[in-house]
Amino acid sequence: MMMAKTRIKSFILLHIIFLIYSLGAIFSKWASNTIFLSYDFVFCYGTVVFILFIYAILWQQILKRMPLNTAYVNKSAVIIWGIIWGHVIFDEEITGYMMLGSAMILIGLILVVKADE
């Protein structure tokens, strides 16, 4: 029972890390819409670098808790976060293909996690 709780906590932490990582895409998109080397560009780009720094540290910590293959396969969940952020922040349309792709990603994640057990 204790192993299962630890495993669940590790997966929750892993997906929080991916949520943080996905925020970098938001700031990248904002940076791309600003004048190169303007204050806004430097701020957005600096935020991306900071997010990647935090992500790198947290990624190393999660690898202490679970195998690399399991953690890396779960990284595909970042695509789903990108779709969500695109819709919520940038008012991008979510298409049927995006939903189908997201479902395929989730099924793949479930299969890998189940196979790891």
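Helices (H or I, at least four residues) and strands (E, at least two) are DSSP runs that are numbered from the N terminus. The model is predicted, so that local features need pLDDT of at least 70 and side-chain atom pairs count only at pLDDT 80 or more, while totals for chains, interfaces and linings use all residues. Residues are numbered from 1 along each chain as its sequence is written, and side-chain values use heavy atoms, with hydrogens and water left out.

**View A. The nonpolar surface patch.** Trp30, Ile84, Val88 and Ile89 make a nonpolar surface patch of about 330 Å², to which α4 gives the most, with three residues. Patches of this kind join nonpolar side chains (Val, Leu, Ile, Met, Phe, Trp, Tyr) within 5 Å, taken from residues with over 30% relative accessible area and no salt bridge, and the areas come from the Shrake-Rupley method with a 1.4 Å probe, only the protein chains shown counting as cover for residues. Trp30 is found in helix α1, and Trp30 counts as partly exposed because its relative accessibility is 33% (buried is under 20%, exposed over 50%, partly exposed in between; 1.4 Å probe, protein chains only).

**View B. The salt bridge between Glu92 and Lys29.** The structure holds one salt bridge (a side-chain nitrogen of Lys or Arg within 4 Å of a carboxyl oxygen of Asp or Glu), in which the closest N and O atoms of Glu92 and Lys29 are 2.3 Å apart. Glu92 lies in the loop between α4 and α5 (96-116) and Lys29 in helix α1, so the pair ties together parts that are 63 residues apart in sequence. Glu92 is partly exposed at 33% relative accessible area, and Lys29 is partly exposed at 32%.

Conventions: Patch = residues over 30% accessible without salt bridge, like charges linked within 9 Å, V, L, I, M, F, W, Y side chains within 5 Å.
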